[in-house]
Amino acid sequence: MNIEKFMKRNVISIPITSTIGDAAAVFIKERVSLLPILDAQGKPVGVVRLSNLVSMEMPDFLKLMEDFDFVHDFGAIESMQPTIEMLSRSVKTIMQPIDTIDKDCGLMRVYAIMLKDEIFDLPVTNDNGELVGIVSRVDIGTGILTTWCTE
Amino acid sequence: MSLAAILSSLTFLVSLALIFSEKINRTIVGIAGAALMVGLGNFLGFYSESQALDSVDFNTLGLLLGMMILVSLLEPTGFFQYMAVWAGKLSKGQPVRLLVMLGAVTTLLSMFLDNVTTIVLIAPVTILICEILGITSTPFLIAEALLSNTGGVATLVGDPPNIIIGSAAGLSFNDFLVYSLPIVLVVWVITLLLLRFLMRHELSIPPKNMDAVMKLSPSEALDDKKTAKKILIVLGAAILLFFIAHFLHISPAYVALSSAGIALLWVRPDVKETLERIEWSVLIFFAALFVMVGGMESAGVLESLVHVLAGASSIPPVLFGVFIIWGVAGLSAIVDNIPITIAMIPVIHGLGAAGMEIGPLWWALAFGAGFGGNGTIIGSTANIVVATLSEKTRTPITTKMWTRRGLPVMLTTCSVATILYILVFPLFPR
């Protein structure tokens, strides 16, 4: 069983000319966690994750703490917001390299790759390298379960 | 001066220069320098391997190792975080109170435990509390480093230079409590008041979310209450033993190491993990410096020094003490204070041999080495630690920011220490 059957074909993406604010608006509207970024020719050149945007305001020092069970209220950290200037920056400033998977790849293999590389969403390409879909861990996981139930 | 004296001095001075240049790691320089010193000693016949071994001050190393093991056991229990969270909660989120509470807790802990470990564990909690309050953490981090550097001078185990001085001059834990603690207390309070003044603008910004601080739960920060309790009991007993070690004819090193032994036996930790947290590189660096200084002494550098210093012995000792405070403080502000302290020890012994009353000079050395580190962002390890951690916040500590607070603190602490030193000079044991 390969991923083509379980992938979402309607890939929501943003053009490279977008700002961080534009990307945020698309995330809110579409409720997705990853957006491929396309150049003028429609070719994917990178991605931006929901987590990239949130971490812009998630303070770095939290990584220094082993745990923060003793903090029951994040106080002023809860209301941290990026400046208008930050939101108007180009999406290129936070763009990450794109990882893709071939549509003929087996489900177990994709799932293993996703677990190993801590990926939650993965764009899918055809033999010509064109973007044809996108899969999440939920898509692949439920795909694997489907094969159990039909057998 | 003999060839041995010249070559051994040269080995030591070149090693010092390399250590201060920070081009090569100081422990590597130390090992290489010590090896060269013993090699030269063997070849020219002025310093044998067994003499080199004898010149290592195992009292200093034992005391450091014992205390490091206790800290290493206490570190994963969350005790340090507990203290910081407790201080934060007690401050009710009021900036000035927070500054005093966090400064006092950091100082108190670093008077008995390793200064750097204390800062490494308390600074992240400090940043978290400040972010919860929506205020900048910079003044609090700078104050913690400055106050703990200052407070560390008060006790024998508060700071590595004190351990070295204590061992070289035969000063006990109680000597520090009698001759250093009162002066340091005065200096510490003045430092706090000065910081309050220097940071009056930052501290006057009202916090946004004081209720959130009240919801902090210190007990949840204490991950391993049982172990923390055990270590604190052992630590308390060790401090009591430090008081009476002199009467029992046992060394502070024995107290620290036996306490570490008891704590290990009681807690039964994963020994590999516990020992991994020991700063072996620091211990090796100390040993290497002792071997180098021992080589110079064996080569007769000390005697040559006595001749040079004989002239200096006509200077009034009180004035000489003031020179030492300021000279050592100036050097400690720009370079590591441990090699300076180790290098100053033969000089002071030399002055003693030349006929000067050196008792009071040891205290001048301790004050200079301790307070000098406040002056610059690189003056002490604690300073470097808070500056590095602050890079994870919106307001990283810059050199300029440090100099505007640290330098006035250094100048004030050294001035106050000088005045008190002159006033109590007749009371110091000779």
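Over which ring does the charged end of B:Arg200 sit, and how many Å from its centre? Please go on from there to the aromatic pairs.

Analyst: The charged end of B:Arg200 sits over the ring of B:Phe197, 4.1 Å from its centre, where "over" asks that NZ of Lys or CZ of Arg be within 6 Å of the ring centre and within 35 degrees of the ring normal. This is a predicted model, in which local features need pLDDT of at least 70 and side-chain atom pairs count only at pLDDT 80 or more, while totals for chains, interfaces and linings use all residues. Residues are numbered from 1 along each chain as its sequence is written, chains are lettered from A and ligands numbered from 1 in the order in which they are written, and side-chain values use heavy atoms, without hydrogens and water.

Over all chains, the search finds 14 aromatic pairs; rings of Phe, Tyr and Trp (its six-membered ring) pair if their centres lie within 6.5 Å, with planes under 30 degrees apart called stacked, over 60 edge-to-face and the rest tilted. B:Phe176 and B:Trp363 have ring centres 4.9 Å apart and planes at 70 degrees, so this pair is edge-to-face. Because B:Phe176 lies in helix H10 and B:Trp363 in helix H22 of chain B, the pair ties together parts 187 residues apart in sequence; helices (H or I, at least four residues) and strands (E, at least two) are DSSP runs, numbered from the N terminus. B:Phe176 is buried at 0% relative accessibility, and B:Trp363 is buried at 1%, where buried means under 20% relative accessible area, exposed over 50% and partly exposed in between (1.4 Å probe, protein chains only).
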